[in-house]
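Here is a short report for a reader meeting this protein for the first time. Look over the sequence and the fold, then read on.

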Amino acid sequence: MTKSHPSHRMLLKDPLDVVAGVLLLCFSLFLLLYLIPNHIGEPPILQNPMMSPRWLPTIVGWLLVVFSALMIIQGVLVADNGEESGRRFERGPWLRFALMVLALVVYVGLFEMLGAIISGILATLILFVAHPVRTLWVYSLAVAFPVGVSLLFTEVMNVPLPMLPF
């Protein structure tokens, strides 16, 4: 006599997370194993390994590996059971999308002319308008983040950026 199990357990709780995680893992391995070693040149004399042009892309590649593995694990272990899980995407209004694209265009288009700090402040303010921020102290971050990121790149990583237009 054979028993049939009415509650057949599915191996994958959320197949979309697993597929997205596998695709992201493949891309990150392609980045780490092919693109970075073959297409990012390294100067023959390096004083510090952190000064290598490969350093930041390698860090990003390994972070992608870790997060894609976590996404695969999540797809295997955690079921997406509808509305109450909070994992569903909701489409925002088209105006929000247009403002986010405008922020990118402002940042890229005005970067050379106004410098990293002012174009960063303008783009951040546009992003804050796109996602309604109602707390006033958060707007101080529209100044703090671009200044902090610009100083990080220029002072710590020695990346030459146009800071200010004057």
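## Surface and overall make-up

The accessible surface of the protein is about 12600 Å², and 72% of that area belongs to carbon and sulfur atoms. The model is a predicted one. Of the 166 residues in the protein, 20% are buried.

The protein has four helices and zero strands. Along the sequence, the pattern reads α-α-α-α. Take the contacts with a separation of 6 or more: 60% of them join residues 24 or more positions apart.

## Helix α2

Helix α2 covers residues 55–77 and has 23 residues.

Some of α2 is hidden. Its buried residues are Gly61, Val65, Ser68, Ile72 and Gly75. Helix α1 (15–39) is part of what covers them.

## The nonpolar core

Which residues form the largest nonpolar core? There are six: Leu99, Ala103, Val106, Ala123, Ile126 and Ala130. In soluble globular proteins, nonpolar side chains tend to be buried together.

Leu99 belongs to this core. Setting aside neighbours within four places in sequence, Leu99 is in contact with Ile126, Val129 and Ala130.

How values were computed
Residues are numbered from 1 along each chain as its sequence is written. This is a predicted model: local features need pLDDT of at least 70, side-chain atom pairs count only at pLDDT 80 or more; totals for chains, interfaces and linings use all residues. Side-chain values use heavy atoms; hydrogens and water are left out. A nonpolar core is a set of buried Ala, Val, Leu, Ile, Met, Phe, Trp, Tyr and Cys residues joined through side-chain atoms within 4.5 Å. Buried means under 20% relative accessible area, exposed over 50%, partly exposed in between (1.4 Å probe, protein chains only). Contact means heavy atoms within 4.5 Å. Helices (H or I, at least four residues) and strands (E, at least two) are DSSP runs, numbered from the N terminus. The expected span of a helix is 1.5 Å times one less than its number of residues. Accessible areas come from the Shrake-Rupley method with a 1.4 Å probe; for residues, only the protein chains shown count as cover.
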